[in-house]
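This report describes how the chains of one model are arranged, how they meet, and how selected residues are packed.

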Number of protein chains: 2
Amino acid sequence: MAQQLAIGVDLGGTTVKTGLISADGNILATSKLPTRADENPQAVIEQIKKSVSEVLKSTNGATVAGIGIGAPGLIQNPGGIVKNPPNLKGWDVVPLADEIAKEFKMRVEVDNDANVAAVAEAKFGAGKDYPNFLFIIWGTGVGGGVIMNNQIYRGPSGGAGEVGHISINYEGLLCNCGTRGCVEAYIGQKYLSNRTIEKLRANPNSKIMEVVGGDLDKVAPVYISKAAEMGDKLATDILVEAGTLLGVMIGGVMNTLDFRLTVIGGGVSAVGNFVYNAITESVKKNVQKPLRDGIKVIRAELGNDAGIFGAAGMVL
Amino acid sequence: MAQQLAIGVDLGGTTVKTGLISADGNILATSKLPTRADENPQAVIEQIKKSVSEVLKSTNGATVAGIGIGAPGLIQNPGGIVKNPPNLKGWDVVPLADEIAKEFKMRVEVDNDANVAAVAEAKFGAGKDYPNFLFIIWGTGVGGGVIMNNQIYRGPSGGAGEVGHISINYEGLLCNCGTRGCVEAYIGQKYLSNRTIEKLRANPNSKIMEVVGGDLDKVAPVYISKAAEMGDKLATDILVEAGTLLGVMIGGVMNTLDFRLTVIGGGVSAVGNFVYNAITESVKKNVQKPLRDGIKVIRAELGNDAGIFGAAGMVL
């Protein structure tokens, strides 16, 4: 029997990247088109349709289960409605799933980047042997996705998994969102880099300065990690603290959901293993005893293709 | 057509309370027997069987959907296995669901007190019009239950809903469980009463002293609430702070699950409405914007009968 196929669309601010994916995780065809984000929703929708049509030429007669789309902004589900994506001009409220389904007469699912990346790891990546886990996207901000019984858990209105805005200190740092103590306000890439820059003023001999060639604008978690691996104490302290704080939040989620596994993706997930050790230790400290033995924190496996894999995974 | 019936068993340290409950929430028969907790598991199991047999006499030929049991200790699910309940002698690991199912040849579900109370509110109480909510039991400790799609969410090993041990301050008070900053360490009845007693030493003119007749051993949230309602500032501050801290934790759970409603039961839930207002305000501050409008925090409706209602509700 021919394998089932699905189409995954990664809708970015500059590029629409589309892949024809097989159920066992092979990319059979891809298409890349400019998003035309600075025009209007209809122009962008046309680009999506065009890129889907392109990869559809490669199905070789096999069944296509549907089309998944990872989109920026707030996604209302059920319904696949995109609301106010930051990088797409004129998108107020767009019923994207309907628009695409009308054209291709097949199932269409739309979800946000974090949920799509979570599905990618669940179906094809680090989480594929685990029916339940928390996925965290650790980058500029901190986002998340909840995989429950092998499926993405979206919640009643599609907003589940906003774990970056869980407060880990009610007296803590003020987050951009207005809440005090969000874990994002401690460990989001920008916040973390800015606090590092402040500390560097008092510690100009840190190896972090060496790694970024003296250019403070370059300070970022991956470079801090490099300095830590060169034995720099400041760099190590900063990232161990970040991991420990992330673990506090993860522990709370594990206590709520009775989960054991966390998979971490996003730009900052490239930091060294010592950070993962710090996260794991902290999660163990922050969960109830019966959960402690099983706690695991691992790195996401899919890189740039997570978007098309996860989008396709939503309909497979 | 005759209504469906179910049997609910509330297994306590001193009494086994059993009810025959109809699907529309009427108690058709009850039985109360001593638990015989100081003997051995078999003695207790015999008491459960006896009490179930007693109420079964009142079915009048109607179908009984099954038997639900609310038990102390850690419950492993699926399986309904009771582990180390604090008040039952000799119970190490007891497959309670199996033991009871063998006797009555019907479906048996076992769960912990917090989950059972959550089910009671979902089927018959404050949550009956809501498919998704967080139930909190605010008493000596702080426990919880997650109602998802009209069902109790137990998690992969039956341990979900341990929201009392979510940290709201990684630098905060040390909880009995070993974690720092658990919300229970701030607002659990004992912790809250002890901190109030400390504050009373510096504020001996507080109306709390009047309400407890000068007896510091009597200091408890419901009395603090009474003093607050008499206009006492110290009492008001203490409970508004407790509600605010509870709201921080609830906000984190709402962000994770995309829920809007919280139902609060347990001994402390009898505090005045001003506490519920403080909780609600705090939850709104601690959730992402799209959730804010829908946030609601309400009082549980079922009192002492929550145990048998919820236990029956698990099999209805």
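## Relation of the two chains

Through which surface do the copies meet? The copies meet through the same surface, because 100% of the interface residues of chain B are also interface residues in chain A. This is a predicted model, in which local features need pLDDT of at least 70 and side-chain atom pairs count only at pLDDT 80 or more, whereas totals for chains, interfaces and linings use all residues. Residues are numbered from 1 along each chain as its sequence is written, while chains are lettered from A and ligands numbered from 1 in the order in which they are written.

Two copies of a chain are related by a rotation about an axis and a shift along it. Here a rotation of 180°, with 0.0 Å of shift along its axis, superposes chain B on chain A with an RMSD of 0.1 Å, the superposition being by least squares on the C-alpha atoms of residues with pLDDT of at least 70 in both. That is the relation of a two-fold axis. The C-alpha of chain B nearest the axis belongs to B:N169, at 1.9 Å from it.

## Domains of chain A

Chain A is assigned domain 1 (5-125 + 305-313) and domain 2 (133-299), with bounds that come from an automatic or database domain assignment. Their centres, taken over C-alpha atoms, are separated by 28 Å.

Between these domains of chain A, 12 residues of domain 1 are in contact with 14 residues of domain 2. On the domain 1 side, β5 (74-76) and α3 (113-124) of chain A are the elements that give two or more residues, and α3(A) provides the largest share with seven residues.

## Local packing

A:W91 lies in the loop between β6 (81-83) and β7 (93-94) of chain A. A:W91 counts as buried because it has 20 C-beta neighbours inside 10 Å; a residue is buried if 20 or more other C-beta atoms, placed from the backbone, lie within 10 Å of its own, exposed if 12 or fewer, and partly exposed in between. Leaving aside neighbours within four places in sequence, the contacts of A:W91 are A:P41, A:G73, A:V82, A:N84 and A:P85. A:G73 is 18 residues away from A:W91 in sequence, with a C-alpha to C-alpha separation of 9.6 Å.

In helix α2 (residues 96-104) of chain B, the residues B:L96, B:A97 and B:I100 are buried. They cover an arc of only 95° around the axis, and therefore lie on the same side of α2(B), the arc being that of the directions from the helix axis to the C-beta atoms. The buried residues of α2(B) pack against elements of chain B including α1 (41-56) and β4 (64-71).

Conventions: Contact = placed C-beta atoms within 7 Å. Helix = DSSP H or I, 4+ residues; strand = E, 2+ residues; numbered from the N terminus.
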